[in-house]
Amino acid sequence: MKRLYKQANERIDRSKEIHFSWQGAHYTGYAGDTLASALLANGVKLVGRSFKYGRQRGIMAAGVEEPNALVILEPETGYHVPNARATEVEIYPDLVAKAASGIPSINEDLRAWLKPFHRFMAAGFYYKTFMSPALLWPKYEEQLRKLAGFATAPNKPDAETYDHYNQHTDVAVIGGGAAGLAAALAAANAGSKVLLLDERAQLGGELVVDAGRDPAAQAWFNQTYAALEAHANVKILVRTTAYALHDYNLVLALERRQDHVTIGARNPHQSRQRLHRIRANKVVLATGSHERPLMFANNDLPGVMLASAVSRYQYEYSVLCGSKPLVVGNNDSIYEVARDLVKAGTRPTVVDCRMGYDASDLTKLGVLVKQGYTIVKAEGRTSVERALIAKTAYSDSHGWVVGDAPETIACDLIACSGGFSPLVHLDCHTGSKPWFSKDYQAFMPACDKPHRYVAGSVNGHSDWQGAAAEGEYVGLLAAGQAANPVNAPKLLNVADFICPDVGRDKVFLDMQNDVKASDIELAILENYRSIEHIKRYTALGFGTDQGKTGNVNGIAVAAKVMNLPIEAVGTTTFRPMYTPVTMGVLAGSEIGLHSDPQRFTPMQASHRAKGAEFEVVGQWMRPWYFPQGSEDMHQAVARECLAVRNNLGMMDASTLGKIDIQGPDARELLARVYTNAWAKLAPGKCRYGLMCDETGMIIDDGVTACISDTHFLMTTTTGGAARIYNHLETWLQTEWPDLKVYITSVTDHWSTTAVVGPKARRLMEKLCKDVDCSAANFPFMDWREGTVCGVPARIMRISFSGELSYEINVQANYGRFIWESVMEAGKEFNITPYGTESMHVLRAEKGYVIVGQDTDGSITPYDANMAWAVSLNKPYPFLGQRALTRSDTARPGRKQLVGLLTDDPHKVLNEGCQLVAEIGSKAMIGHVTSSYFSPVLGRSIAMAVVKGGLDLMGTKIYAKPLSYEVIPLTIVDSVFYDQGKEKIDGEI
Amino acid sequence: MFLIHCPYCGELRDEQEYRYAGEAFIQRPSLDCTDEQWGDYVFNRTNPKGKTVEQWAHAAGCRKLFVVERNNVTNEIYAVRTFESYKEQA
């Protein structure tokens with residue numbers, strides 16, 4: 001391998017030397033080189049080890065289809081890129097790269113030492129060998145994981161940022177080769193807005209090779225490119241891979257904006273990569289094609305390359321891949337490659353399985369052309385040293401039959417071509433199936449979706465002129481112009497697949513996953529028939545390259561083994577992504593708090609100053625508890641709970657969902673969505689409501705205040721606000737459009753400070769002069785409009801603790817002021833702020849349910865022991881009413897909500913703990929839904945759902961946590977504290 | 001990822017702005033229906049392959065619900081209509 005003398009159209013800049021590191025050693029390349037071309041120019045042949053057998057692998061391709069040269073960039077830094085393809089990596093000064101494979105290194109791989117056992121490691125080896133005894137699998141897995149996969153995952157946070165971009169265009173052209181360039185220009189000239197995308201750093205696609213062979217191609221490229229660059233209608237995105245094509249022409253494309261820039265020179269204010277969401281009226285797929293390798297023994301040896309890649313390295317990077325090349329294939333393209341190699345000063349040998357191609361120009365130059373032969377094996381210790389070729393014979397019934405008297409040809413490069421596979425991927429993403437062309441021996445794009453066109457070599461064009469002509473034609477069509485149809489593609493003369501006789505030799509199909517022809521045969525022998533099953537059993541086409549070089553060969557082998565035509569075998573499903581996409585760019589800027597925003601109440605700063613611990617409740621950051629000194633949660637909660645029970649507490653209840661309901665039918669809406677009655681609720685009163693869906697199961701609860709006959713304020717659970725609002729909207733718009741009612745979410749408009757405890761009235765009397773807070777004139781479940789600390793407020797006497805409680809609702813901007821004023825005024829009563837944990841304990845002591853904790857979507861109001869909240873006599877039956885009498889909902893033995901007391905008062909059950917009727921029983925009769933230590937009772941309490949539990953009061957049952965313990969306990973009523981409701985009016 | 005024309009906003013907008021709200025025109029039976037009829041209403045859906053008639057809500061827009069007649073294989077949308085327009089037709 002060497003760098004050639006400067007060529008006219010090479011795309012490297014020899015004035016800019018670039019120094020980089022590979023496997024810890026220093027190398028030099030030029031600006032414009034990929035890591036692959038720079039390594040080849042430096043004579044590096046070994047770039048990786050194979051997945052399963054640890055075999056030596058070299059660079060095979062020059063583009064994204066490369067299966068072997070997986071590399072890690074900038075390892076162990078915040079710029080770590082695992083499994084980049086060396087063929088796509090543009091080198092930059094001080095790049096650090098290493099192989100993604102090799103245990104411990106690519107020079108010495110442990111797996112290669114297992115060679116004597118490789119013949120036992122065929123497809124399904126892992127399933128068959130390590131499945132039993134099942135108990136040992138975790139041990140096996142631990143070891144196998146070390147051997148599996150390629151690169152290590154990054155171990156540092158990503159140092160770079162990513163973003164998303166929405167684009168709208170008339171025509172999106174995918175692929176910047178001859179067809180794409182022509183299509184873009186034609187559409188733009190016809191007046192369309194055009195977006196042209198190409199995955200490489202520079203436009204041109206395979207024109208780079210054509211330009212090396214034909215100056216006319218270069219001239220056409222220069223002219224077209226200049227016209228596009230200057231065109232006001234055209235936007236060009238290079239280094240941009242269209243990786244998915246979805247319905248309605250949504251193209252997803254990944255733009256690599258800084259991957260080619262030296263780490264230190266990257267702009268920290270600019271994203272590394274950008275995801276473009278492109279809505280295009282028309283899409284032109286000019287995606288090109290990938291060459292297929294030939295199937296022969298040791299076809300994975302370093303030095304075996306795709307023929308087209310050899311030419312590409314020669315013309316684009318002026319790199320000669322071998323000095324003694326052998327060019328071998330089943331189609332006409334190999335002769336062009338041989339002519340390129342002659343031009344580069346070598347004397348290649350050409351091996352063609354067919355007869356009859358006129359290669360006299362080559363033979364005249366002394367090139368050995370062996371027609372009617374093909375390669376059967378590559379040999380060499382660390383890279384190609386010679387090739388074995390044998391005679392071929394073709395018959396329609398048996399296809400190619402290869403003889404067994406091989407001749408040896410010395411060579412250091414095997415440039416092979418097994419035909420070309422059009423890149424139908426994007427066309428298939430929306431469900432189209434490719435069809436098999438016998439003439440071209442390839443799966444072709446169906447292009448059967450509206451507003452979509454294909455052009456160029458993806459459609460079978462083998463010459464750039466034909467591709468460009470078709471590009472121009474579809475460009476005009478995409479722009480809505482009339483155009484004269486172009487000639488049918490000039491297809492390459494390609495012979496049938498040469499499938500090897502599968503013997504003991506290793507003939508690789510999928511290099512990345514070490515899938516051999518014999519694995520396909522084994523899978524079929526074991527009765528896998530669908531290509532989708534064969535793929536999954538053998539791992540054909542898995543991995544980062546998704547079988548770009550190997551899949552179609554694998555399908556051909558499967559067809560031969562099953563004696564079916566290739567079209568009957570079909571392809572596996574092409575799914576996005578076309579090439580790997582970073583997790584970072586998928587997330588874009590929606591990471592951290594932008595991914596899951598935090599919501600704060602207006603009192604947040606006060607809570608923080610008080611040293612509150614927070615918990616997340618439906619995105620809200622709610623104070624969990626307010627520790628003092630060195631208190632842990634249990635100590636803090638005990639102190640808070642006792643303060644509320646015996647003295648005075650305060651809580652931020654702003655997060656409850658609030659829905660403002662107005663209109664003549666507001667009351668009717670409440671009656672329909674809640675299970676209880678609303679007809680008689682007078683202005684100034686509040687009522688607790690229980691909400692079911694049409695299956696009769698509880699979905700929400702909360703208190704609603706009657707502001708006037710046509711105006712109500714509903715509260716929902718904190719986490720249920722959006723869901724319940726959707727629920728109401730849906731019913732109002734679909735079943736009940738006749739109801740005259742408007743609903744508005746006002747959760748954020750109000751903030752709520754709850755003043756709770758026996759001394760609450762004394763504090764309220766201090767803060768609020770215009771409301772009579774006496775028990776007689778402001779009874780439980782009433783609300784009053786008044787002024788608190790000078791701020792207009794709605795004060796509600798509702799309670800989630802069983803204590804005297806006033807909830808002060810003010811316009812949200814006053815929330816912090818009121819909270820701090822209450823705190824200040826409460827000092828003389830030693831007021832104690834408390835959080836959600838104490839709230840949970842206090843409500844459990846009273847047996848109040850939390851929807852979503854004590855109910856789980858399978859609990860009816862009757863199951864929850866809340867028959868008191870069900871009114872069956874309303875004029876319009878409430879949602880879920882009919883369901884409550886269904887045979888299953890009404891049957892005995894349903895799980896019902898009860899209280900539990902453990903025999904040992906200090907034993908606190910785990911929530912979720914299973915319950916059984918007998919010590920030895922394995923039959924679950926229920927589970928614990930809530931469990932706490934109650935400071936005021938001095939013992940543990942729990943709520944649970946138990947089969948038929950309401951009829952089992954006083955029964956002894958057992959809890960079985962995830963240990964060998966059995967905890968005896970008794971079923972009791974779920975109200976543990978103040979059963980007589982004597983505390984609700986506080987200190988009179 | 002398809003585009004839906006909101007009949008209220010009058011604009012063709014991305015699917016992400018909308019919320020799927022289930023099959024359209026499910027008849028709510030009266031209270032005296034059988035358990036089976038109620039079970040059908042609550043649990044059973046036609047689940048067709050091909051043309052579906054479904055409710056969508058413009059969740060990040062006007063929050064109105066309407067009917068989308070869509071092919072769930074090709075995602076082709078045949079019609080987007082308000083509930084009122086069906087009533088007028090009937």
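Begin with chain B, where 40% of the 90 residues count as buried (under 20% relative accessible area with a 1.4 Å probe, protein chains only). This is a predicted model, in which local features need pLDDT of at least 70, side-chain atom pairs count only at pLDDT 80 or more, and totals for chains, interfaces and linings use all residues. Residues are numbered from 1 along each chain as its sequence is written, chains are lettered from A in the order in which they are written, and side-chain values use heavy atoms, leaving out hydrogens and water.

Keep chain B selected and display its secondary structure. Chain B holds 2 helices and 6 strands (DSSP runs: H or I of at least four residues for helices, E of at least two for strands). From the N terminus on, the order is β-β-β-α-β-β-β-α. The C-alpha trace spans about 45 × 30 × 25 Å along its principal axes.

Next, select strands S41, S42, S43, S40, S34 and S44 of chain A. In that order they form an open sheet of 6 strands with mixed pairing; two strands pair if DSSP finds at least two bridges between them. Strand S41 (783-788) and strand S44 (832-833) of chain A are the edge strands, each pairing on one side only.

Within this sheet, centre on strand S34 (residues 649-652) and strand S40 (residues 750-756) of chain A, which run antiparallel and are joined by 4 bridges. A:Asp652 has A:Thr753 in S40(A) as its bridge partner.

How values were computed:
Buried < 20%, exposed > 50% of the residue type's maximum accessible area, 1.4 Å probe, protein only.
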